[in-house]
Structure formats: structure tokens, C-alpha cells
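I opened the notebook again today to look up a few side-chain contacts. Here is what I went through, entry by entry.

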Amino acid sequence: MADAPASPSLADTALARLAAERVDHRFKGLPPDADGLTVGELAAQRRNLFTGGFTTPVLALSAERLEHNLALMETYAERHGLAFAPHGKTSMAPQLFRRQLDRGAWGITLAVPHQVRVARAFGVRSVFLANELVDVPALRWIAAELAADPEFRFLCYVDSVRGVELMDAALRDGAGAAPGGRPLDVVVELAAGEGARTGARTEEECAAVADAVAATGTLRLAGVAGYEGEVPSADPDRVRAWLRRLTALAAEFDRAGRFAGVGSIVVSAGGSAWFDAVADVFAEIPRLSLPVLKLLRSGAYVSHDVGHYRRLTPFVRVPEEGALEPAFRLWSQVVSRPSPGQAFVNAGKRDAAYDLDLPVVETVRRDGVELPAAELELTKLSDQHAWLETGPDADLAVGDWVGLGLSHPCTSFDKWQLVPLVEADGTVVDYVRTFF
């Protein structure tokens, strides 16, 4: 079942506070003459990104492409019978969480305690933490949230007996039970293979972790999970083989009666590169003793990109399912043209993702007209500059705006606290607040 829309008394109030925040020097790229306005007041002015006083560099998120991507993944999950918990670490933007939940998401996936606190502050009722959690203060805070809010559902990984023991010790009250009487639901994480990231490496180790969970009074086994993106030398056959190990583990645990007391069995996987394989293999899950919550966790789709995920997205392999659209563009300005073969723009590592691919030059804007980005190649980033190589026929001058496409959404969002949401004609209709 999808998460209900976040509680109006909490989520709406929290989102309204975002609109009431004052614009000032903290927020890169915004018009200097907007200082003192609230974010809501500035949005109501519907300024144009190119003529409304914005300064470069400024990151823009396409309103139309964002909406397209949200709608596409909603229909994809529905078509394949998947529940969807998009990974919130991509954007850490409660406004986008809300739009994902309004489009039927079961809840939000997160990675660390701080992110869970952000989600809860904005009324998210269902959280999947794709990590083993052994932080004592965080565990006790989550236990208090579970005790205080009967509608809050929380799941997290366990991948070791030691981790289970630490969680149990942190959560036990004097009677050896969970505070408030609600156990914390956990899923055993199956590693994607030797040398992969986290997770128990073998089914036997997974069973030992499940036994340790059963021996506690504070934890309850709710399912199995993992991340197929870590399969070594991943290809469709290897990924599907690992996913079938995961689903077989769920079936074996069910036959052994390990899921007592839960309403459904959670089977979860799904990054942004192999969700087609997840959909195919999860469709093969046999009937179990309880309903199965087939939970997909892809996150990068929300903005997509022009590099890493454009190459890896399953929609390349199954184009009949649709296509995601890159929604980010980083606008910079030419500040130096020291030689015929070289130019520099004023956006660098502090502004643009560069961990997977360098940004790419997509367009040039001069006097309100967009020009082709012919013979322009971004070859290097400094902290606050990008280095462009320019061919003999490149039409580029100091003062031109240069639009850059970015690769890797997760390290694009995290460099900007307030991102203009821009329509195709340049009208800024809202501002997306991030919390990293």
C-alpha cells in the first residue's frame, strides 16, 4: 500500500515554512534585489531566469521535465506491480518527496539518520533506511517516533549478527522489549556478491542474522533486500541471477516461518540502472504465505542526467516503456576568453557534479537568443571555473551565458540549497529547498 499523503497538520505546515523563509546571501544565484523577500513572495513574482536579476552560476530544474519524470516512474511502477519508495538521498528535497508521495509512492528510501529526521519533519510516514543502523541515539529517536506515531512505518537493513546485537541493546527497555511496545522492522540484506558493498555474503549468513533478529524482543523480521547495482561485472544475466537469489531467500525464510507477526513480506531492490531486471524477477515471486510488498527504490530518475544515468537507464534497453528527460541545467557565464582555443566560465567544482562525468556544454545564450554549442568542450574543472576548449569556428564571447548539462543527480542537488524551478520560457515558478 502506498503511503498516504503526509499529515496535513505537519507536512503542509512544514512546507509553508519553507515558503516563508527569507531570501538572502545563503542562496547562490538568486537576485540580489530579492534579499528580504520570502521564498513564496519571490516565486509569486514569476521572474525570468535570464532577465530577472539572477546571477551566475545558477542551477535550474526544468518544471516540465521534472513532471514528466515523476509521472513516468509512477506509471512504470503501477504497470509492473511494484510499490515505490524513491531514494530521497538524491534530492533531499521535501517538496519533491511530497510530489513523489502524491504520485503514489509507498514512502521514501533514505540512507542515514539525519535524512530520516528531515523526512519526519516534513510528515513522511513510511521510511525505508537502506543501511544497517547501529547509532544508539538515532535508534532511540526512531523508537520514540514509532511509539508516538502509530502511522509511522520504518524499515532498515540488518546484515550481521553483531549489528543485530547492537540494535537490540540500544532499543531494550528494562523488560527486554522495544520502547512503546512496537518492534523495529528489519530486512536482511543479501550482498550482491563477494567484494560488493554491504550485506551478508551467503544465504547461510543471512539465516544466522535472521536467527539473531528472532532472539530479540526489539526487532521483527519483515523481509529481505539488497542493491543489485553492486553486482560485480554487472550485466543483465548476472543481475537477474542475483535477484533470483534474493527472491529465493524470501521464499525460504517464509517456508521456515520467519515472518511471523508481519502484515506483508518485504522484498526490496532497485537502483536507477537495473529496475527493469527488478521488475522482471519480482514478477516471478511465487505465492507466499503473506502478501508480498515488492519495493523498488530508484532515486536518480527525479532529475535524471546527461551522462551516467542517461547511459545506464533501463529505458535505453526497453524504449517502449518511455524515456526519462534530463531536468538540470547549470547556467554559467564566460568570464575570460584569453586565447582563440580557450575560454573560462564561472562554474566549478563547488557548483557542478564531476565525480562520474564532467559537465557538457549544451547551449550558449547571448542577447536573449540561444546559440548552438558548436566546437565547445569542457575539459577540466577548478573550484570556481570550468575550462573550455574552443574550436576555430566556436562563437563564444565574454559575457555569454553557457548552459551545462550535468551527470549524477546526487552530487548535483547537494551543492545547492535553493534551486529555481523553471518553465521552458525561463519563468521561475518555484524554488526547491534541499537539506544536506
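Entry 1, burial. I call a residue buried when its relative accessible area is under 20%, exposed when over 50%, and partly exposed in between. With that cut-off I looked up Phe122: its relative accessibility is 12%, so it counts as buried. I keep in mind that this is a predicted model.

I counted 13 aromatic pairs. I started with Phe122 and Phe435, a tilted pair with 5.7 Å from centre to centre and 50° between the planes. What does this pair link? I found that it joins distant parts of the chain, 313 residues apart: Phe122 lies in the loop between α5 (113-121) and β4 (126-132), and Phe435 in the segment after β18 (428-433). Phe435 has a relative accessible area of 23%, so I noted it as partly exposed.

I then turned to Phe152 and Phe154, whose ring centres are 6.2 Å apart with planes at 55°, so this pair is tilted. Both Phe152 and Phe154 are buried. I also wrote down one aromatic cluster, made of Phe50, Trp331 and Trp401.

I found the charged end of Arg258 over the ring of Phe253, 5.0 Å from the centre.

How many does the structure hold? My count is 33 salt bridges. I looked up Asp168 and Arg172, whose side chains meet at 2.6 Å, N to O. Is Asp168 buried or exposed? It is at 10% relative accessibility, so I count Asp168 as buried, whereas Arg172, at 42%, is partly exposed.

Next I checked Asp357 and Arg311, which form a salt bridge at 3.0 Å, N to O. This pair links distant parts of the chain, with Asp357 in the loop between β11 (342-345) and β12 (360-366) and Arg311 in helix α11 (residues 308-312), 46 residues apart.

Asp383 and Arg350 form a salt bridge with their closest N and O atoms 3.4 Å apart. They are 33 residues apart, Asp383 in the loop between β14 (376-381) and β15 (386-390), Arg350 in the loop between β11 and β12. Asp383 is partly exposed at 39%, and Arg350 is partly exposed at 49%.

I looked at residues 94-102 and found seven of the nine buried, among them Phe97, Arg98 and Leu101. After α4 comes Gly104, with a positive phi near 95°.

Technical notes. Residues are numbered from 1 along each chain as its sequence is written. This is a predicted model: local features need pLDDT of at least 70, side-chain atom pairs count only at pLDDT 80 or more; totals for chains, interfaces and linings use all residues. Side-chain values use heavy atoms; hydrogens and water are left out. Buried means under 20% relative accessible area, exposed over 50%, partly exposed in between (1.4 Å probe, protein chains only). Helices (H or I, at least four residues) and strands (E, at least two) are DSSP runs, numbered from the N terminus. Rings of Phe, Tyr and Trp (its six-membered ring) pair if their centres lie within 6.5 Å; planes under 30 degrees apart count as stacked, over 60 as edge-to-face and the rest as tilted. A charge sits over a ring if NZ of Lys or CZ of Arg is within 6 Å of the ring centre and within 35 degrees of the ring normal. A salt bridge is a side-chain nitrogen of Lys or Arg within 4 Å of a carboxyl oxygen of Asp or Glu.
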